[in-house]
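Here is a short report on one protein chain.

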Amino acid sequence: HSSIKHILMAKVLIRRAIEQGAPAYNAGQVERCEIYQETSRELLQKHRQELQGSVVTALEEDLQISMALFDAGKNEVNQLAWAFRRAFDEQLAAEESAVSSAKMMIAAAIRRGVPLYNSGNASGCAEVYAETARKLLSGAGGPLSSNVQAALQQAVDTPSEPDARAWALRRALDAASNQVSVDIRSRDKSRAFRPGLLRDFITNQGLEIAAFVVIDTVMGGRSDSEVLTSQGAVFRGSVTKRGGGGFASARFQPRDRRDFLAMLRGAEGLVVKLQRCQGAAGWKLQLNSHEKQWQQDFSLRGTQEEEIRIPFSSMWPTWRGRVVGSRGLSPADLEDIQGFGVMLSFLSADGSNNRDFQEGPFDLRLLSISTF
């Protein structure tokens, strides 16, 4: 069953790359994320047939970009590392969906097979079960343990009278379903977090987060910044309006967007604990979607730890600093959110000049973020 082995091997390679690359990325050692590039090449060369089509396309494009970036700056390398990671996460998510689909396939087979067996058609019941077992063995429902694979194969291959064959196949399908249930429970347990907590950057509890920066160099500006998450989340750098710029932002993207959106639904807003260590007092909290940034201002006058509360109803929809709609997120708007972040900018959330903006070095420490 080579297809199942390929699925397992692709998953092993991706998880191994993340285990090595994520700590380096979070410690600010973006150059060490070259493991993502190496793993992408191996996946495309040896395990392409097991990758999602969109993942293949993304990895090929990322590799082409990486070959062109001989003298890339840290921000470009940062963005490229995150692009590889998004493709990896998409592949892992697809395999998780396959695991769930295996359980649904088995349940559907039992719903079809039981009435046939009870009506005296044991042969028809056995064939329904055998058809599903063959699909599972081909990898249609996701990876299975070697013991479950062996039991399914034996039940399919062993000739016997219809009644005994139907029961042998049923027992093998039940074993496969039980394994999938254990996998799902283990996965869900690993995602457990306190109600309302999106991320505690000090204790590393909550959703797993990818952090990256977006600064004014994309528009010709000359600001510089980095975000480190090895001990809390520290966003630091220097901001300037020279070159037509004047902003720097740190963005945080949850690995599991489903859990993230589940926590946003029904909430009224966000609570952020942070500390301004240096620089400007005026900041913006953001919720980022593909098409816009929802944002609201907040000020940190001192250098002590503070807690701010931003209702969703107070946030402005913007695009490149310009307001593009009325204030307040609707439930439909929340469904488009990809992540959250903070921004230091010469513009306020409503597009006016930020009176608390200050050019020069800045250092902001994020402690935690929750919903309320």
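In the protein chain, residues 24 or more positions apart make up 70% of the contacts (heavy atoms within 4.5 Å) with a separation of 6 or more. The model is predicted: local features need pLDDT of at least 70, side-chain atom pairs count only at pLDDT 80 or more, and totals for chains, interfaces and linings use all residues. Residues are numbered from 1 along each chain as its sequence is written, and side-chain values use heavy atoms, leaving out hydrogens and water.

Helix H6 covers residues 146-157. Its two sides compare as follows.

| Side of H6 | Residues |
|---|---|
| Buried | Val148, Gln149, Leu152, Ala155, Val156 |
| Exposed, turned away from the buried side | Ser146, Asn147, Gln154, Asp157 |

The buried residues of H6 fall within an arc of 135° (directions from the helix axis to the C-beta atoms), so they line one face of the helix. An α-helix has 3.6 residues a turn, so residues three or four places apart point the same way.

Ser314 sits in the loop between strand E10 (305-311) and strand E11 (316-319). Ser314 is buried because its relative accessibility is 14%. Not counting residues up to four places away in sequence, Ser314 touches Gln295, Gln296 and Arg327.

Definitions and conventions: Helix = DSSP H or I, 4+ residues; strand = E, 2+ residues; numbered from the N terminus. Buried < 20%, exposed > 50% of the residue type's maximum accessible area, 1.4 Å probe, protein only. Expected span 1.5 Å × (residues − 1).
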